[in-house]
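Thanks for coming. Let me walk you through one model, piece by piece.

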Amino acid sequence: MTRLATYSADGQQFYGAVTDTGMIALSPDFPQWPTLYDAIRAGGLQDLVTAAKDKPVTHSEFTYEMVLPDAPRILCVGVNFPDRNAEYKDGSTQPKYMSLFPRFASGFTGHDRPLIRPPENHTLDYEGEVAIVIGKTGRRIKAEDAYDHICALTLCNEGTIRDWVRHAKFNVTQGKNWDCSGSIGPWLVPFEKADQLDEARIQTRVNGELRQDDHLKRMTFPIREEIAYISTFMTLQPGDIIVTGTPTGAGARFDPPRYLKPGDVVEIEVDGIGILRNGVEDEK
């Protein structure tokens, strides 16, 4: 399984291929694509995969970055598993249309780096999700053609400051975009076949305790429909990220709530993609 990541080493930022013994820097070989996002925009993901074959490891010590730190458009789908609507206990019926909201790259950190709990509010929560990366431009994409527009998969901890999503009637943006409150990574896995999504099982653990466990095929709005719906009102472009929805079991839905605190470790796992791991620290 080829894995492509953005990382820092020796005071510089690189992108490259992940191996069991370290990173293979690819960015120096592709100066026309300064970032992994640029490579995706140019349709060069397969070129990177090919270039990584038989190359030696260049960095054994490194730090993961958010996998596409310069991605300008990140859309998240909310309340997208059958049990999630019931978790809100507001008596509402299952929605006819999907809920969408934007997130910005500044709100995400990389694998094995801490989620930051701000001093203003301590209701930091986790949400394990699969994120897709668009690789082909499209508008009004048919659901049956939607997978043709995905180039890669990754994982997301869509960390949320819960109290701040309740500040306004129609707006969750401020609770969803605290600096380094979530993470995306560790890497990109090229999307090659439908089973990578259709048969995927997602699990979230906090300090080793299983909190979320579900299959993507149970989504209220499947990923094909997400792409079709979103592309109705906006042209999807290479490098766009869609964070596809989280199962039941986030900390806010326990009684009493079980929010994240410093020292906690959150792991999100999907077979065929990997494990995204983050600790939690207070903002310094």
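Start with W33: at 11% relative accessibility, W33 counts as buried. Buried here means under 20% relative accessible area, exposed means over 50%, and partly exposed lies in between, with a 1.4 Å probe and protein chains only. F30 is buried too, at 12%. F30 and W33 form a stacked aromatic pair, 5.2 Å centre to centre, with 5 degrees between the planes. For the rule, rings of Phe, Tyr and Trp (its six-membered ring) pair if their centres lie within 6.5 Å; planes under 30 degrees apart are stacked, over 60 edge-to-face, the rest tilted.

A word on the source. This is a predicted model, with local features needing pLDDT of at least 70 and side-chain atom pairs pLDDT 80 or more, while totals for chains, interfaces and linings use all residues. Residues are numbered from 1 along each chain as its sequence is written, and side-chain values use heavy atoms, without hydrogens or water.

Back to the rings. How many aromatic pairs does a search of the whole structure find? It finds 9. There is also an aromatic cluster, made of Y7, F14, F62, Y64 and W187.

Next, the sheet. Five strands form an open, mixed sheet in the order β8-β18-β17-β14-β15. Strands (E, at least two residues) and helices (H or I, at least four) are DSSP runs, numbered from the N terminus. Two strands pair if DSSP finds at least two bridges between them.

Look at β14, residues 201-206. It is mostly covered, with 5 of its 6 residues buried. β14 pairs with β15 in the antiparallel sense over 6 bridges. There, R205 has L210 as its bridge partner. The two strands form a hairpin with 2 residues between them, and N207 in the turn has a positive phi of about 55 degrees. β14 also runs antiparallel to β17, joined by 5 bridges. Q203 stands opposite E269 in β17. Then β17 (265-270) is joined to β18 (274-282) by 6 bridges, again antiparallel. E267 has R277 as its bridge partner in β18.

Now the cores. A nonpolar core is a set of buried Ala, Val, Leu, Ile, Met, Phe, Trp, Tyr and Cys residues joined through side-chain atoms within 4.5 Å. The largest has 40 residues, and I132, I150, L197, I223 and I227 touch the most other members. A second, separate core of 33 residues includes Y15, L26, L48 and F101. In soluble globular proteins, nonpolar side chains tend to be buried together.

D240 lies in the loop between α5 (223-233) and β16 (241-243). Is D240 buried or exposed? Buried, with a relative accessible area of 3%. Its side chain makes a polar contact of 2.8 Å with the side chain of R73. A polar contact is a pair of N or O atoms within 3.5 Å; within protein, one must be able to donate a hydrogen and the other to accept it, and residues adjacent in sequence count only if both atoms are side-chain atoms. The backbone nitrogen of Q237 also lies 2.8 Å from a polar atom of the D240 side chain.

Last, A250, in the loop between β16 and β17. A250 is buried, at 1%. The C-alpha atoms of A250 and D125 are separated by 6.8 Å, though these residues are 125 apart along the chain.
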